[in-house]
Amino acid sequence: MLGTLTLRNLRLRPEAPAILFEGRTITHRAFAGRAFRLAAALRHRGVARGDRVAILAENCPEYVESYAAGELGGWASVTVNYRLAAPEIDTILSDSEPKAIIVGAEFLDRLSPEASARLDHVLVIGDASSDVSYEAALAAESPAPPPVAPEPDDCAYLIYTSGTTGRPKGVMLSHRGMMEAARITALEKQTRPDDRFALSMPLYHIGGRLTALSYALHGCTMVLHRNFRPQAFFESLRANRVTATLLAPTMLGDLLENTPADRESLPALARLFYSAAPMPEALLRRGMKAFGPIFTQYYGMTESAGPGTVLHAHQHVLDGPEHVVRRLRSAGQPMIDCDVRVVDPDGVPCLVGEPGEIVIRSPSLMTRYWRNPQATAETIRQGWLHTGDVGTEDEEGFVFVIDRLKDMIISGGENIYSREVEDALASHPGVIEAAVIGRQDARWGESVVAFVVRRGADSVTEAVLIDHCRQMIAPYKRPREIRFVDALPKLPNGKVEKAKLRAGLAATKSTP
């Protein structure tokens, strides 16, 4: 299944570059050989088909090799967010029970003594002096293809959700489902063998892994970044003549704020994909002004293996009929082989324009949550994945994501969706970004509180922004309080971590 991509690229493009990383060029032949050696090293340490191997590292070629070894050998890769604290990492390792872990040397201190005791083997990336050195393990093995192959329905990846609403859940993604996700995404992206795509999204995230797979289908070159640093990323795009990249909206904002990136400075860049979080219309217009009509949006989630809806570049229309221009605020239409609906609490499709929950059905959906049948039954019902997102659909199937169900604010009996307030705030030229949450209110039930990052300390005041919102949205939706902050707390995928905003707000008194 997924392992056939490594074998195919070895056979068809052995000397073509597979990965460019920090001055290194790794061909498909070299990449495959190292993946074969790693698979053998893990197999000789007792890892077998159906087992789990955890990966705790920043983006690096060894991370991609670790994925490939599991795809070839038949065990599931458990991706661990390196930004987590030791107790959070311990929760994931305790739940997934991996036989081995591949870990960057800089993250060894994140492994608690209890977690280390439960692991049979630890391979350390970047620590040549260690007895469990990743490189030493590879050097002791033959670069022959591994003999064990997984079945289509075997679990390929076990990716844990962010846990912003509680304990993280392990999403089980099969070989069959991930191959379908890669095919769907490659078709929608119109990938070509001569593409060079830059990846700085974390590989432990479904967006990063699916992007890599969708280009691996054609044996493309991946320009891999350890992490996202705007200036270094811009210079790499230019120096490597990158043709495509994927950015979260916050990353695009950082790129535009901190570099001279535009169409003239990056003439090879032909496709710029964005996903992971809603894109404020003001930021999207700014990006299109800089780069031109090269933007494509994807909406999906880990549980769908990525695919959901797509808003293609030709559908990003800045000027024209209102019903066409408003689609800039949409997540697009269903991707190939994806059914997407908006339904009421009983699962009945909503009328055009009527808010409801967005549900997805596709061949790429997760098989289930790891050891959590109750959450699985709540999330997948009659073959439909319930996303937890509130949205509407127009007469041509364009889906508009309004809010998370849990983020909806009810004030004075009225439903207020945080995104429309955030978009109103972000449309002011003095605002870089904004996040909106609800605060308990004795009179209204909840009141709207906004956290705003300004372009400068004197660029805009609370009174001006509240008045601006009155002109953009209904008066009852306006913020009752605005707090100016230097930065918004973010999850690694670029989404605002509203749980932290709520926790901070709960510890303070409301403004009279």
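Figure 1. Distant parts of the chain are linked by the pair, for Tyr-67 belongs to helix H3 (residues 61-73) and Tyr-157 to strand E7, 90 residues apart. Helices (H or I, at least four residues) and strands (E, at least two) are DSSP runs, numbered from the N terminus. Both Tyr-67 and Tyr-157 are buried; buried means under 20% relative accessible area, exposed over 50%, and partly exposed in between (1.4 Å probe, protein chains only). Together with Tyr-63, Tyr-67 and Tyr-157 make up one aromatic cluster. Residues are numbered from 1 along each chain as its sequence is written. Because the model is predicted, local features need pLDDT of at least 70 and side-chain atom pairs count only at pLDDT 80 or more, while totals for chains, interfaces and linings use all residues; side-chain values use heavy atoms, with hydrogens and water left out.

Figure 2. Two strands are taken to pair if DSSP finds at least two bridges between them. Strands of a sheet pair through backbone hydrogen bonds, either parallel or antiparallel. Strand E4 (residues 76-79) and strand E7 (residues 155-160) run parallel and are joined by 3 bridges. Within this pairing, Thr-79 has Ile-159 of E7 as its bridge partner.

**Figure 3. Salt bridges around Arg-34.** The structure has 31 salt bridges, each defined as a side-chain nitrogen of Lys or Arg within 4 Å of a carboxyl oxygen of Asp or Glu. One of them is formed by the side chains of Arg-34 and Glu-65 (2.7 Å, N to O). This pair links distant parts of the chain, with Arg-34 in helix H2 (residues 28-44) and Glu-65 in helix H3, 31 residues apart. Arg-34 and Glu-65 are both buried. Arg-34 also forms a salt bridge with Glu-135, the closest N and O atoms lying 2.7 Å apart. Glu-135 is part of helix H6 (residues 134-139) and Arg-34 of helix H2, so this pair ties together parts 101 residues apart in sequence. With a relative accessibility of 38%, Glu-135 counts as partly exposed.

**Figure 4. The salt bridge between Asp-339 and Arg-361.** The side chains of Asp-339 and Arg-361 meet in a salt bridge (3.0 Å, N to O). The pair links distant parts of the chain: Asp-339 lies in strand E16 (residues 339-343) and Arg-361 in strand E17 (residues 356-361), 22 residues apart. Asp-339 is partly exposed at 35% relative accessibility, and Arg-361 is partly exposed at 34%.

**Figure 5. Charged side chains over aromatic rings.** Lys-169 lies over the face of Tyr-369, 5.3 Å from the ring centre. Arg-326 lies over the face of Phe-400, at 4.3 Å from the ring centre. A charge sits over a ring if NZ of Lys or CZ of Arg is within 6 Å of the ring centre and within 35 degrees of the ring normal.

Figure 6. Gln-190, in the loop between helix H7 (175-189) and strand E9 (196-199), has a positive phi near 55 degrees although not a glycine. Gln-190 is exposed, with a relative accessible area of 59%. Gln-382 lies in the loop between strand E19 (380-381) and strand E20 (384-393), and has a positive phi of about 50 degrees. Gln-382 is exposed, its relative accessible area being 79%.

Key
Phe/Tyr/Trp six-rings, centres within 6.5 Å; stacked < 30°, edge-to-face > 60°.
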